[in-house]
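Subject: A structure for you to explore

Hello! Here is the structure I promised to pass on to you. Please open it first and then read my notes beside it.

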Amino acid sequence: MNMQFSPLPSLPSGLKNGVGFGHQNRLYVGLGSLGNKWLMLDLNEQQSWQEKSAFPGVARNDAVCVPVEGGCYVFSGAGTTPELGYTTVLVDGYYYDCAQDSWSLVTDDIPVGLLGGAGFAMDDNLYFVGGYNKAQFDGLMAQLSSPELAADADLKQATLVEFMSRPIEAYQWNEMIYRFDLSAKQWQPLAENPFQANCGAGVLRRQDSLILVEGEVKPGLRSLHTKQLRFAASQLVETSYLPAIVESDSQHEGLAGAFCGEVDAMPIVAGGAYFVGSQNNYRSEQFYSHQGLTKTFTDDIWCFDGNRWQRVGKMPQGCAYGVAITTPHGLAIIGGESSQGEALCDSHLCLNS
C-alpha cells in the first residue's frame, strides 16, 4: 500500500479539536476552533463547504462524536458556560439529523467525564470509554482562572507543575465503560475498562468493535497500545490487545490526536502528536514526563495489515487534532493543528495509489 493525497476544498476557517462524520457521500465537521459552526461538503460536487444548522449548545473542544445511520451524536467536551466563566467538562449530549439539518438535546446528565473519550453505537445503544476526570479538570480550571493566580504568573506556573507532576493513576480518568440506552435515555456502567483509561485515542469502528489506537494516559504521555473492545447483546463480550506500532518502531513514543480511519478496508493512522523522551522520563519516575520537551507533530502514515503496522507514506505536513472520516473514495483528512499551533483549513483525501 502506498498512500497519495488528493486535495478537497479548503475549510472557510481552520479546524482543530472539533468533530466530524460522513453520511451518504457528504462530510460534516464542526465545533472546536470553529465554535458553534457546522459545515458540510458534498463529495459528489466538491465545490465548497456549506454552513448547516449551528450547534445549539455551549461551544466545545474534544467532544465525543458517534456516527449513526442518518446522523451523529455529540456528547460532552470542554467548554465555557456563562454561569461559571471558565472551561469545564460538559455533561450534555445532542443528536444531529442529516435529513432535517436539525439538532436536538438528548441528555444533560452524563454521569462521568467524557472529555477526550471515544464512543461507539450498536443496537440502539451508545457505548463510551475513556475521558478526563471532571472534578479534577474543573478544579484545575477554577484555580487557574481565580484572581489570585491570574495576578501571579509564578504561582500559576507552580500550580500547573504540581498538577502535571503526578503518576498516571492520580488523574483518575474514567475507568468504566458506560452504556447509554437511546430509547430509555438511561445511563448504565457496563463494565470496568481492562485497559488504561485514556483520552485522544485514534478511533476505528467495525461492525461490533471499537478499536482505540494509543492516545494519552496522562497529560503529555501517550499509550503505546492498540486495543479492541467487542460488543454483543448490549454487553461488552471481549477485549484484546492488537499488535502495536511500537512493535514495528522501537523508538515510537505513542500518538495523540492522530487521524484514524480506513483505506480499502485497511486501518490507517496518520499524523498525531507526541513528546520525544516522555516515555523514558516516565519510566525514570519523572512524572511530569513532557516537562521541557517540544511537542512533535508527525507526518507518518501507518497501515495495519492484520499482523503488523507498517509505514506507508507521508502526509503533506505533520499535524494532529483534526477530523478523519472514512469514505468510499478514501480517508478524508480535514483540518488539524500544525507544529506552529495553527488551526488548518486544508482538506485532503488519502487514498491508495
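Which residues line the second largest cavity? They are Gly116, Gly117, Ala118, Val129, Gly130, Asn193, Gln196, Asn198, Cys199, Gly200, Ala201 and Leu212.

Before the rest, a word on the model. It is predicted, so to speak of local features we need pLDDT of at least 70, and side-chain atom pairs count only at pLDDT 80 or more, while totals for chains, interfaces and linings use all residues. Residues are numbered from 1 along each chain as its sequence is written, and side-chain values use heavy atoms, with hydrogens and water left out.

**Cavities and a pocket**

Rolling a probe the size of a water molecule over the atoms shows where empty space is left. On a 1 Å grid over the protein atoms alone, a cavity is a set of points where a 1.4 Å probe fits but cannot get out; a pocket is an open set with protein on both sides within 12 Å along at least five of seven lines; and lining residues have an atom within 4 Å of a point. Grid points are joined across faces, edges and corners, and a volume is the space filled by probe spheres set on the points.

The structure holds two cavities of 30 Å³ or more. The largest cavity contains about 80 Å³ of space, and its lining includes Phe5, Met315 and His348. That lining has six nonpolar, three polar and one charged residues (nonpolar: Ala, Val, Leu, Ile, Met, Phe, Trp, Tyr, Cys and Pro; charged: Asp, Glu, Lys and Arg; polar: the others, Gly among them).

**Aromatic rings**

Rings of Phe, Tyr and Trp (its six-membered ring) pair if their centres lie within 6.5 Å; planes under 30 degrees apart are stacked, over 60 edge-to-face, and the rest tilted. There are 24 aromatic pairs here. Phe128 and Trp187 are a tilted pair, because their ring centres are 5.6 Å apart and their planes stand at 40 degrees. This pair links distant parts of the chain, with Phe128 in strand E13 and Trp187 in strand E15, 59 residues apart. (Strands, E, of at least two residues and helices, H or I, of at least four are DSSP runs, numbered from the N terminus.) Trp187 also forms a tilted pair with Phe180, at 4.7 Å centre to centre and 40 degrees between the planes. Both Phe180 and Trp187 are buried (under 20% relative accessible area; exposed is over 50% and partly exposed in between, with a 1.4 Å probe and protein chains only).

Helix H1 covers residues 134–144, and its buried residues are Gln136, Phe137, Asp138, Leu140 and Leu144.

Asp300, in strand E26, is buried, at 11% relative accessible area. Its side chain makes a polar contact with the side chain of Lys314 at 2.5 Å (a pair of N or O atoms within 3.5 Å; within protein, one must be able to donate a hydrogen and the other to accept it, and residues adjacent in sequence count only if both atoms are side-chain atoms).

Enjoy looking around!
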